[in-house]
Amino acid sequence: MNCLIVIPARGGSKGIPRKNLRVLAGKPLIYHSIKTATSLPGNVDTYVTSDDQEIRTMAERFGAKTINRDPKLAGDAVTLDSVIYDCYQQAKQIEGKEYDLIITMQPTSPLLKKSSVELAIQKMAQQPDTETIISVVDDRHLTWTIKDGKCFPNYEARVNRQYLPKNYKETGGILITRNNIISETNRIGKNIELLELNAEEGIDIDNYSDWVLCEYFLKHKKILFVVAGNSIIGLGHAYNTLALANEILTHQVTFLVTKGSELAMETI
C-alpha cells in the first residue's frame, strides 16, 4: 500500500512558543516524529507541512520532504482536516501517484513508537472495511458537567477509577484514513477502530508539564545490577548495590543475582 505520512508543524504555538523547534532530550521536538516516520518500512513518503521556513529546513535536514503551507491554513482556528487534505493533494502531484492511506502524525507525540504505527497500518491493510484508525488512551476519571448552572456527574456510580467504564481520549499521535474518506472538512469514516496506547506513549505535549514528562521518559535509562551475596561472602555487595539504587530512582533498575545468591535475592 502507498502510505503518505503528514506531520503538521506550524510556526506559531500558544502553549509553548516555537515548540516544534525547541530541544527535547537533545533533539528538536519535530525530530522525534520524523525519525519514527522515516524508519517505517514499505512504500511510505513522509511530508512535513509548515508555514515556517526554519521548520521546513530542519525537517529536510532530518530526512522528511516538506510542503510550504499557505498562511491561510496556519491560523489558530484552522482545523487539521484542511491542512492534511492540502498536503495530500500536493504530495500526490509531486510524487505522481495516489496514496491508499493518509496518516497524520503530530509532532507533539514524541513518545509514539514505530511498532504502534506499523500495527495501525497493518490493521488497515488486513481490514478493508476499517476506514479510520485513531490512537487513544484510556482516560477514566470521575468527571462532571454543568448544565443550566447546575453540576451533574458523568458517571452512574462513584467507584474507584479502575472500576469505571473505559473512556477514550484521542492522543493526536496517529490518525489513519483512506483516500476515499479524506476531504477538506473530514478525515474520519463511519467504520472506525481505536488503537489504545499506554499512558506514556500517549502523552501529547500541550504545556510545559507535558514537556518535562516527555523529557523524563526520553532520558529514562534501564540499569542492571548483577549482585552476589550468600552466607560465605556475606551481603555487603547487596547492601552497597541497594544504596546505589536508592540514588537513581528516576531510572528503571533491575537486579540480577548470581547462582547460589538466594540470600541476596531475599535481601533485595
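Tyr47 stands opposite Lys65 in β5, in a model that is predicted: local features need pLDDT of at least 70, side-chain atom pairs count only at pLDDT 80 or more, and totals for chains, interfaces and linings use all residues. Residues are numbered from 1 along each chain as its sequence is written, and side-chain values use heavy atoms, with hydrogens and water left out.

- Strand β4 (residues 44-50) pairs with β5 in the parallel sense over 4 bridges; two strands pair if DSSP finds at least two bridges between them.
- An open sheet is formed by 7 strands in the order β5-β4-β1-β6-β10-β7-β11, with mixed pairing.
- Its edge strands, β5 (65-68) and β11 (192-196), each pair on one side only.
- Strands (E, at least two residues) and helices (H or I, at least four) are DSSP runs, numbered from the N terminus.

**Two helices**
- Helix α1 (residues 29-38) lies across β1 (3-8) and β4, running at about 160 degrees to β4.
- Helix α2 (residues 53-61) lies across β4 and β5, at about 165 degrees to β5.
- Axes are lines fitted to C-alpha atoms, for helices over the stretch in contact (heavy atoms within 4.5 Å), and angles run from 0 to 180 degrees between N-to-C directions.

**Ser135**
- Ser135 lies in strand β7 (residues 132-138).
- Not counting residues up to four places away in sequence, Ser135 touches several residues, including Gly173, Leu195 and Leu197.
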